[in-house]
Amino acid sequence: MNIEELRKKIDEIDQKIINLLNERATCAQEIGRIKSGSQAPFYVPEREKAVIEKLLKSNQGPLDERAIRYIYREIMSAIRSLEKPTSVAFLGPRDTFSHMAALRVFGTSAEYHPLPSFTDVFTEVERRRIDYGVVPIESSTGGSVSDTLDLFINSELKIINEVLLQISQNLLAKCSLDQIRRVYSKDNALLQCRNWLRANLPGVELIEVSSTAEAAKRASQEPGTSAIASKLAAQTYNLEIIAERIEDIPHNYTRFVVLGHQIVEPTGDDKTSLLLSAKDKPGALYNLLMPFAESNINLTRIESRPSRQKPWEYVFFIDFLGHIKDEKVQQVIEDVSDRARNLKILGSFPRATIELET
């Protein structure tokens, strides 16, 4: 076949794709009408994971796994918006890594609300003024995000999903490298890139600002200025990517969680988060963890935080593989409850795969 014949075939395929997408959207709208009378959630993370995993198993290429995930994330985002516009809060401003994490979960058709603090994200979702929230909970280099953990102590919100994002820093500017006289970025981004900056921009002024998005905005306005920020910020502020992946530690991941009210059903590949407080006696923490070991349940994280109720009293955040509806997990929860002073289930949700920053 020649080029014109191939293009004609592509046009025919595109028409079939459009027809099928609209057919899919019609089915989704009918589901939305059924849900509207039952208060069932319109965003169902366990269902979306099952759809994508099934497609990946049947995919024979040449599209790779990453492309399939991206395409169907956007398809489901667009169709979900026909059922009900989904509102999502995150720690602002836009074009930051928190914004990118929210996009990875909900796609570009959701309504996004950048808020000034973690407390605001929790409050708006708790009061149901916004449907969902996305907040960072830990990073592979900096550890846990204490603000998020502390807010869970008194919140009734559930963790309903998670996303792992590879955090990659980029040097953005409207000039060449040798013309750069100052670099703007958030304090931790400058620290993450200090070796690269020392080697490639010695003597250049480093200026801390409130966010990487603010840094990109300034770089777009001031001559001889650059920013360390995401590729999303480069697109928004029409900046060139002068250097990619300039962070000193190449494998830097941040884990974000999705806040909501609903109970998520098992997928077969799940994670559960608990908040525990131990009884004040020798070996209390050991006794809390023993049922997990005896049941061969894999703990993926344990973190302590001050309880804020009594001096030197702590609560423990524990993540493990499994779902609260699993029979083995239910038995462990029962055993741990007998040994703990307090136990709070923060949620069971689909376990995330690593998402590369783009």
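This is a predicted model: local features need pLDDT of at least 70, side-chain atom pairs count only at pLDDT 80 or more; totals for chains, interfaces and linings use all residues.
View 1. On the H3 side the contact is made by Arg73, Ser77 and Arg80. On the H4 side it is made by Leu103, Arg104, Val105 and Phe106. Sorted by class, the contact has three nonpolar, one polar and three charged residues.

**View 2. Strand E3 is largely enclosed by the rest of the structure.** Strand E3 runs from residue 132 to residue 139, and seven of its eight residues are buried. In the protein as a whole, 46% of the 358 residues count as buried. Strands of a sheet pair through backbone hydrogen bonds, either parallel or antiparallel. E3 pairs in the parallel sense with strand E1 (residues 87–91), over three bridges. In that pair, Val134 of E3 is the bridge partner of Phe90. With strand E11 (residues 253–260), E3 pairs in the antiparallel sense over six bridges. There, Gly133 has Leu259 of E11 as its bridge partner.

**View 3. A hairpin joins strands E3 and E4.** Strand E4 consists of residues 143–144, runs antiparallel to E3 and is joined to E3 by two bridges. Ser139 has Gly143 of E4 as its bridge partner.

**View 4. Five strands form an open sheet with mixed pairing.** The order of the strands is E8-E7-E9-E6-E10. Strand E8 (205–208) and strand E10 (240–243) are the edge strands, and each pairs on one side only. Ignoring direction, neighbouring strands of this sheet are turned by 35° against each other on average.

**View 5. Strands E6 and E9 run antiparallel, and helix H9 lies across both of them.** Strand E6 (residues 170–173) and strand E9 (residues 225–229) are joined by four bridges. Leu172 stands opposite Ala227 in E9. Helix H9 (residues 212–221) lies across strand E7 (182–185) as well as E6 and E9. The helix runs at about 155° to E9.

**View 6. The protein has twelve helices and 16 strands.** The C-alpha trace spans about 70 × 60 × 35 Å along its principal axes. The accessible surface comes to about 18800 Å², and 50% of this belongs to carbon and sulfur atoms.

Definitions and conventions: Residues are numbered from 1 along each chain as its sequence is written. Side-chain values use heavy atoms; hydrogens and water are left out. Contact means heavy atoms within 4.5 Å. Ala, Val, Leu, Ile, Met, Phe, Trp, Tyr, Cys and Pro count as nonpolar, Asp, Glu, Lys and Arg as charged, and the others, Gly among them, as polar. Buried means under 20% relative accessible area, exposed over 50%, partly exposed in between (1.4 Å probe, protein chains only). Accessible areas come from the Shrake-Rupley method with a 1.4 Å probe; for residues, only the protein chains shown count as cover. Two strands pair if DSSP finds at least two bridges between them. Axes are lines fitted to C-alpha atoms, for helices over the stretch in contact, and angles run from 0 to 180 degrees between N-to-C directions.
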